[in-house]
Number of protein chains: 2
Amino acid sequence: MTELLFNKRLQVQVKNRETDERRSVIRISIELQLLTNPVHRKDLIVRLTDDTDLYFLYNLVISEEDFQSLKVQQGLLIDFTSFPQKFIDLLEQCISEQDRENPRFLLQLTSASSAFDHGPSNLNIVETNAFKHLTHLSLKLLPGSDTDIKKYLATCLSTVKEEKQQLEQKLRKTEEDLTRQLNYAQQ
Amino acid sequence: MTELLFNKRLQVQVKNRETDERRSVIRISIELQLLTNPVHRKDLIVRLTDDTDLYFLYNLVISEEDFQSLKVQQGLLIDFTSFPQKFIDLLEQCISEQDRENPRFLLQLTSASSAFDHGPSNLNIVETNAFKHLTHLSLKLLPGSDTDIKKYLATCLSTVKEEKQQLEQKLRKTEEDLTRQLNYAQQ
């Protein structure tokens, strides 16, 4: 079972080895996946995609054990259960400031390699105060394999096809309803 | 440059090593791809997909040279230029007879392996007369790799997204038009 916790487009500052900084827009989705087989476990799935580049996909799966390492490594003071909401709060903070010239909270996507197609990337939530840059959270995401991208696109395609079908129905119904009303009014 | 010559759903008789024969519906598309770089060449691309199984993809690319082998091997009497239309004529013949109890022309998809996920498949156009089964054409198709399927799904997704957008516009316009007419009629 999968619960979608967050799914929004956000401005992001993109930095890699070769290009200068640039602004871009990516979609971040956060899902909580509950598995019961073979054991009960919860995984948090973070996914970066780009609505304008269907092949762009970065993934991160955080299990409860992974979270313990992340917690120690980044000095977090919350537990796995509270982490998703805290992460979302930070993202919302970035959204609320993304149109400012000098946002206090900024989302950064950095890559050590020259292109984003290969190596891992870091998604950082950075606060800038008068004194320094403070990294609140830094998550390492891996580029999706062809199999990952294939599955992701199939899911998108099913959703869009269904939405399209609903639109077609709605259009038919709207035309019928209004034509009927129009006929009635013209009598 | 790619020219779409055919794109229809057809009934097909599916046969593999393990299962019995069964009827299924697949989509066959035929495209002519013109390449000018590095040399001028034409490729005929045959693609089998399944609208209900987004991961089902079989491909065949026939170049002019490939066609010469095919021609010799299957005793064809036409040249590469006439081949696409002849192939389409045979498919249309299958369509026109597919609702009959005993169709004279039948489309067959056979696989030597137990499942369709792996090994190659043969797409056969078979005429059955009182005396025997006559194979008019037999094409060997390869299952798409994850990369192929990824590209195919991305193309589908772009198309469906665009169609959805056009529907949204049409719905808005229909609502506006009819509401305006209704207001006018009610005055």
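How many salt bridges does the rule find across the interface of chain B and chain A? It finds four, a salt bridge being a side-chain nitrogen of Lys or Arg within 4 Å of a carboxyl oxygen of Asp or Glu. This is a predicted model, in which local features need pLDDT of at least 70, side-chain atom pairs count only at pLDDT 80 or more, and totals for chains, interfaces and linings use all residues. Residues are numbered from 1 along each chain as its sequence is written, chains are lettered from A and ligands numbered from 1 in the order in which they are written, and side-chain values use heavy atoms, without hydrogens and water.

One of the salt bridges joins the side chains of B:Asp146 and A:Lys150, at 2.9 Å from N to O. On the side of chain B that touches chain A, the elements giving two or more residues are β4 (53-63) and α3 (146-186) of chain B; helices (H or I, at least four residues) and strands (E, at least two) are DSSP runs, numbered from the N terminus. The largest share, 26 residues, comes from α3(B). In total, the contact (heavy atoms within 4.5 Å) takes 29 residues from chain B and 29 residues from chain A.

Within chain B, a closed barrel of seven strands runs β1-β2-β3-β4-β7-β6-β5, with mixed pairing; strands pair if DSSP finds at least two bridges between them. Strands β1 (residues 2-16) and β2 (residues 22-35) of chain B pair in the antiparallel sense over twelve bridges. B:Gln11 stands opposite B:Val25 in β2(B).
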